[in-house]
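Please open the model in your viewer with the sequence panel alongside, and follow the stops below in order.

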Amino acid sequence: MTQAQALAILESGANVLLTGAAGTGKTYTLNQFIKRARRKGKAVAVTATTGLAATHLGGNTIHAWSGIGVHDELPKRFNDYLSKSRRDLIVNSDILIIDEISMLHDYRLDMVDHALRQARGNNFAFGGIQVVLCGDFFQLPPVNRNDSRQGSFIVGSNAWRESDFTVCYLQQQYRQADDQAYADILNGIRGGVLMRSQIELLQSRAQAVDDPFTIRTRLLTTNVDVDAINHQHLNSIDQETHEYYMQTTGGKQYVETLKRSCLASEVLQLKRGASVMTIKNSTDRKFVNGSLGTVIDFEKNTDHPIVVLSNGNEVTIRPDTWELRDGDKKRASLTQLPLRLAWAITVHKSQGMTLDAARIDLSKAFVEGMGYVALSRVKSINNLILDGLNNMALRTSPLARQIDIELRRASEQALLTYAAVISAWEQAEEAGEHEPPQAQKKSASSWADKLAKMREEYPNAYRPWKEADDAKLLDLYNAGKTTKDLTKTFGRHPGSIEKRIEKLLEG
């Protein structure tokens, strides 16, 4: 199925599972659907199974949005347990999106179903709301812990059987479009059948010579290894350190949730020569989530880093904003440069990214699908160096393979069932009939405008700290000056002052 055919079915109002291999454009299609639905006045609740996946879409976790939390079953009298604001969000939503569905337990989808029925006072599936699930069952599966209820993929749930989900299986490969041999290897991993020649081709990447001029991110399975590598590399560069402090708004609990769910750093340290990765798609399409580059300089006056991307393009990286949204309500936001150090990243955090080049170590892979997630991030096998494979690395779930066969069949049937709907949608699209009337909206402020406004109150906002400033800050702090006093003295946001003092005291 093509992205356009899937969009036609999504816009028909059907409950949909949007699926397909890594790199087929599931998130792109989902974002198009969300944007178009909101332009038409629909209230879209955007959620995902993990906080990280939710921030990619500007949403919340399904556990928080639905009110089910971390429970293994709904509390008794669940409707009384819900706050009025939570119930209102659920009742007023027209569409519910749940991304990275492979990681949601079957019993938790049932919990969401029951929660929505109760909150909306409607005994239809999910309380009558349109539900769109998105994900790939070959990627990371639900995690079963010994001390909690055991479960499996959502296709085993009562909600799946009763909700008549239409399957839209995207088939056109975009990420590995220029390397069919590598695409075939990834499909072989999905199918559980790799030819000897394909295994040998993969293994040959262990002896590949690393081009010192190629920017290459290491993908590892543990956070400890990732942090150690990034700090080691940054400390080895004999250049001035530039620091950038995160700014936040919203309630403390929501802010902390957003921080945990985002790849942005509270304090980002950069130097000339640092290997970096963009962690958001730019609105001007100059880079995407996962683009690699090297810091070559810092812009005068603003101190924004200037980065040469692996494709040779030079871009100035300016602060961007992430939001935690609950339906249409903004609970928290944070502003930081959309960058992170890129000598290493975990496989888990790479999910959803497209990497130009990577060095992958799967010697500690510990769950089915982990190797597939890691390997499928890279566009071409020529851009891959493989440091290790264990017995788990190339495994995918036998259950996922069986489910995949059934989903492909269901998607083919959907094309027949919705043939007339798709044809009418395509004609309306060509005629421009889907475009809603242009609403009168104020144009969004540019970052330069926001920065200028911020500096009306805090003249030194986002300017680098100097050694003399640090010494003066500590002297005044030790003399008993308040944050309010220090804010006036240094012309900086109170949060920036507090974080700088905390860093200096730790050092």
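In which strand is the place of Leu-96? Select strand β4, residues 95-99, and Leu-96 will be found within this strand, where strands (E, at least two residues) and helices (H or I, at least four residues) are DSSP runs numbered from the N terminus. Before going further, note that this is a predicted model, in which local features need pLDDT of at least 70 and side-chain atom pairs count only at pLDDT 80 or more, while totals for chains, interfaces and linings use all residues. Residues are numbered from 1 along each chain as its sequence is written, and side-chain values use heavy atoms, with hydrogens and water left out.

Stay on Leu-96, which counts as buried because its relative accessibility is 0% (buried means under 20% relative accessible area, exposed over 50% and partly exposed in between, with a 1.4 Å probe and protein chains only). Leaving aside neighbours within four places in sequence, the residues in contact with Leu-96 include Thr-47, Trp-65, Val-112, Leu-116 and Ile-129, contact being heavy atoms within 4.5 Å.

Select Leu-116 next. With neighbours within four places in sequence again left aside, Leu-116 is in contact with Trp-65, Ser-66, Ile-90, Leu-96, Phe-126, Gly-127 and Ile-129.

Then show helix α6 (residues 84-91) together with helix α7 (residues 106-120), which pack at an angle of about 100° with their axes 9 Å apart; axes are lines fitted to C-alpha atoms, for helices over the stretch in contact, and angles run from 0 to 180 degrees between N-to-C directions. The two helices, α6 and α7, are therefore roughly perpendicular to each other, the class for angles of 65 to 115 degrees. On the α6 side the contact is made by Arg-87, Ile-90 and Val-91, and on the α7 side by Leu-116, Ala-119 and Arg-120.

Key
Parallel < 35°, antiparallel > 145°, perpendicular 65-115°, else oblique.
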